[in-house]
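User: Hi! I'd like to talk through this model with you. Could you have a look?

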Amino acid sequence: MNRFTRTVAMASARHPWRTIASWVLVLVAVLFLAASGGGTFADDFSAKGSQSERAMRLLTASFPEAAKGKVLVVLAADQGSTLDAHGAQVESVLSDVADQDHVASVADPFAAGTVSPDGRIAYAEVTLDVPERQMGKPAFTVLSDAVSAMGEPDVRVELGGDAVFLNAEDSSTGHVGIGLLVALVLLLVVFGTLVAAILPIAMSLIAVGAGIGGITLLAGGMDVSASAIPVAGLVGLGVGVDYALFVVSRYRENRTAYADNRRALSDAMTTSGASVVFAGGTVVIATAALAITGLGVLTSIGLATSIMVFSAVAAAITLLPALLALLGDRIDKGRVGRRHRTAKPAEDTAWWRFGHRVSARPWPYLVGSLVALLAIAAPAFSMQTAFPAAGDAPAETTHRQAYDLLAEGFGAGINGPLMVIADLGAPGVDADGIAGVTRAISGVPGIASVGEPVTSQDGGTVVFTALPTTGPADPDTSATIERVRAVIPDNVYVSGITAVTDDLNAQLSDTLPLFIGAVIAVSFLLLMLVFRSIVVPLKAAAMNLLSIGCAYGVIVAVFQWGWGAELLGLQGPTPITSVIVVIMFPILFGLSMDYEVFLLSRIREEYDRIGDNTESVARGLAGTGRVVTSAALIMVAVFGSFVASPVPSLKMLGLGLATAILVDATVVRMVLVPATMALLGKANWWLPSWLDKALPVVSVEDQPRQETDADETAYAPAPSLG
């Protein structure tokens, strides 16, 4: 692997302008193709083969109008008044709504009987002229803003419904810019020069730009979640900065040792560059493995994140070497703060002394860190997942206002109606038996009312709604759905947002063990190949799970229990989405491997050189402690900036990733790893001889090689820039 990385990187460095031009052409081509042939983004939460998925397929086939999107215009008179008293104003509002783009028809709430018992609140069903997936978030935002601004002096108007909530556009808060600004400050502290600090930021932005283009192209061939770009971009920014940081840091370290830019770059790409390829490859595989779940929303987010990380790796081993070759000594321009000091020998660093301190008393450090990590992770055992509803949205949004008004006027169940669909062409109940089905559902505890059945034109399908007494995110609603499904025939199916979520969670429960096992198994095999050890990958898997457990524990404490929720801009406890929990696992497992690889490759490099386990651990810490900690702080800053997002799911993802990275790069890599390696001694590197012979040789920690005349001739950037 190191030879491959060195070959690609040095080829890029030999022809820096050609490499830069190639990147520009690729970026332009990808973005042009994305703009002209890329698809739109839509969330597919259906579980293939589930009741809710079969119900929606039947509905779309038998009721073509149902394929079009529907939203609700919610109207409310002032307290003590009724909408009847403001009929002219209501009529004016509905007329204005009908004139909006993408509105096909607007129902009269008085004629449809969708007025609350006290006459103060009503809703008008609006049928769109296209399916909601084709509208996209920008069009929904325009419609929401227009409708919510139509309020009359005595009539309040809001726009609600699942389609509006799921397609609400995130308001920009500049949190990404804040994260990158903090990252730049940290890079200035690490490198001490402006040029070296800007380079990783530039790499991450270029990688994210290319990744977004690739994801948009992916959307042209499959359903891609609207959350794919925010999630993938979050990861891409973090790894883009980190990968460039590791390479630039090793390059500058080598320049101090050799005073030879060519050799410094070659050796940096042989070691840190190869580690970047391995670590990035692990993240790519782990996130792509989300396809194992069989859920469209997770598959698309996993593939999108893989594209983004691949882009970051490609930039780190091609574009970055080209820029370093052009910059040459100018990498140290723009010095900030005190004058540059010569790097200390390993024995004179605090990391070296700390490594020996841990190795001298491994048990106290091991037990203490384990107790602390398990305490942080403990709340994860109480995790309860649910699908967020519009009632969990910020209070100022129109869909949240509509949700609250509907619940006030019609009960909590109006926001999560169950859709019951009967396939009369399949064995089971026939048309004459539908009345019996509605009676059976009406008698189910938790059902408030059942609507009138509607038969399709061909007479093959019947659909009606059933309103539960509880809201869509309430666990009691899920229990009600189970009771309903227990009393209906085999050819009758239940759908609706809560039913879809329950079916999604059921499929996750079935596929999650295989998915988690696959991620751990692949990571284990890759680490075993690289480090020629069985113990090292076993420890890595266990420690990665600890870091992930800490992330889950913090999420439960903050979002489920509400500890400090107000500090994050939340109004109290918020449901933890199962999709976010699953997405976090491969991302965190892959990112945790990053630090494992960077630390252990340096330790193994020293072990192969001196053969002393304790000293190699101390030297590995001395060589990577500062840069790994800095990289972790940068990633924490980038991830943590998403806590400022107004979207609860992004807050959740940002906080979870930031927590895991902080724990992993500090307590785990700097305390647990040295302590366990000290206790195990040479057993760390044990591998049965027969397995050693059978495994292919893959290495990321080769000793720096001697330069050859061919290398010297091959590497020839413009002298004026060297």
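Predicted model: local features only at pLDDT ≥ 70, side-chain atom pairs only at ≥ 80, totals over all residues.

User: Where is His102 found?

Analyst: His102 is found in the loop between α4 (87-98) and β2 (103-106). Helices here are DSSP runs of H or I with at least four residues, strands are runs of E with at least two, and both are numbered from the N terminus. Residues are numbered from 1 along each chain as its sequence is written, and side-chain values use heavy atoms, with hydrogens and water left out.

User: Thanks! And what is the phi of His102 near?

Analyst: Phi of His102 is near 70 degrees, a positive value in a residue other than glycine. His102 counts as partly exposed because its relative accessible area is 30%; buried means under 20%, exposed over 50%, and partly exposed in between, with a 1.4 Å probe and protein chains only.

User: What about Arg532, buried or exposed?

Analyst: Arg532 counts as buried, because its relative accessibility is 15%. Arg532 sits in the loop between α18 (497-531) and α19 (535-560), and its phi is positive too, about 50 degrees, although Arg532 is not a glycine.

User: Switching to helices: where is the kink in α22 centred?

Analyst: On Val668. Helix α22 covers residues 648-680, and the kink is about 45 degrees. The bend at a residue is the angle between axes fitted to the seven residues ending there and the seven starting there.

User: How many residues of α22 are buried?

Analyst: 26 of its 33 residues are buried, so α22 is mostly covered. After α22 comes Gly681, with a positive phi near 60 degrees.

User: And Lys651, what does it touch?

Analyst: Lys651 is in helix α22 and counts as buried, because its relative accessibility is 5%. Leaving out residues up to four places away in sequence, Lys651 touches Phe559, Leu568, Gly569, Leu570, Phe642, Val643, Ala644, Ser645 and Pro646. Contact means heavy atoms within 4.5 Å.

User: Which residues does Ala55 touch?

Analyst: Ala55 touches Ile421, Tyr493 and Ser495, not counting residues up to four places away in sequence. Ala55 belongs to helix α3 (residues 51-62) and counts as buried, because its relative accessibility is 0%. From Ala55 to Ala112 it is 57 residues in sequence and 25 Å in space, C-alpha to C-alpha.

User: Let's zoom out. How many helices and strands does the protein have?

Analyst: The protein has 24 helices and 9 strands. Its C-alpha trace spans about 85 × 50 × 45 Å along the principal axes, and buried residues make up 55% of the 722 residues.

User: What share of contacts joins residues at least 24 apart?

Analyst: 80%, among contacts between residues at least 6 apart in sequence.
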